[in-house]
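Morning, everyone. Let's take a quick walk through one structure. Have the view open and follow along.

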Amino acid sequence: DGDLKFSLESVKKLKELMDENKSINPRMVVSMASYSPCDEKNLPEEFQPVCKREDASMIFERLSLAVREADLCEICANAACAGCF
């Protein structure tokens, strides 16, 4: 994401955390706008610097979208990946 780089496994874990939060309880009044993966105790440590940024929520959302299709080729699915021609 821009000049930031994260391991694929960490991004997958981030998506799992974000997906779990969205489906915990549909009657919860807490909006996704107030949710932050930074509050999760299982957030991979490599995301801690992102939590200090003002644009953290946008970064997390883009990373989650990058791995939304589990059946896509992990190397070539995203334009940010190198090595695909």
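Let's start with C51: is it buried, partly exposed or exposed? C51 is partly exposed, because its relative accessible area is 24%. Before I go further, please note that this is a predicted model.

Now the partner of C51. C51 forms a disulfide with C38, and the two sulfur atoms are 1.9 Å apart. The link joins distant parts of the chain. C38 lies in the loop between α1 and α2, C51 lies in helix α2, and 13 residues separate them. How many disulfides turn up in a search of the whole structure? One.

E45 sits in the loop between α1, residues 8–22, and α2, residues 48–51. E45 counts as exposed because its relative accessibility is 68%. Which residue lies 35 positions from E45 along the chain, with 8.8 Å between the C-alpha atoms? That is S10.

Next, the salt bridges. The structure has three.

Take helix α1 to begin with. K12 and E9 pair through their side chains, at 3.9 Å from N to O. Both are in helix α1, three residues apart, which is about one turn of the helix. E9 is exposed, as its relative accessible area is 55%. K12 is partly exposed, at 28%.

Then D19 and K15. Their side chains form a salt bridge at 2.4 Å, N to O. They are four residues apart in helix α1, so about one helical turn separates D19 from K15. D19 is partly exposed, with a relative accessible area of 31%. What about K15: buried or exposed? Buried, because its relative accessibility is 16%, and the cut-off for buried is under 20%. What does K15 touch, leaving out residues up to four places away in sequence? S64, V67 and R68.

One more bridge to show. D55 pairs with R53, and their closest N and O atoms are 2.9 Å apart. D55 is partly exposed, at 21% relative accessible area. R53 is partly exposed as well, at 35%.

To recap: one disulfide in the whole structure, and three salt bridges. K15 is the buried residue to look at again, at 16%. Over to you for questions.

Terms used: Residues numbered from 1 in each chain as written. Predicted model: local features only at pLDDT ≥ 70, side-chain atom pairs only at ≥ 80, totals over all residues. Heavy atoms only, no water. Helix = DSSP H or I, 4+ residues; strand = E, 2+ residues; numbered from the N terminus. Buried < 20%, exposed > 50% of the residue type's maximum accessible area, 1.4 Å probe, protein only. Contact = heavy atoms within 4.5 Å. Disulfide = S-S within 2.5 Å. Salt bridge = Lys/Arg side-chain N within 4 Å of Asp/Glu carboxyl O.
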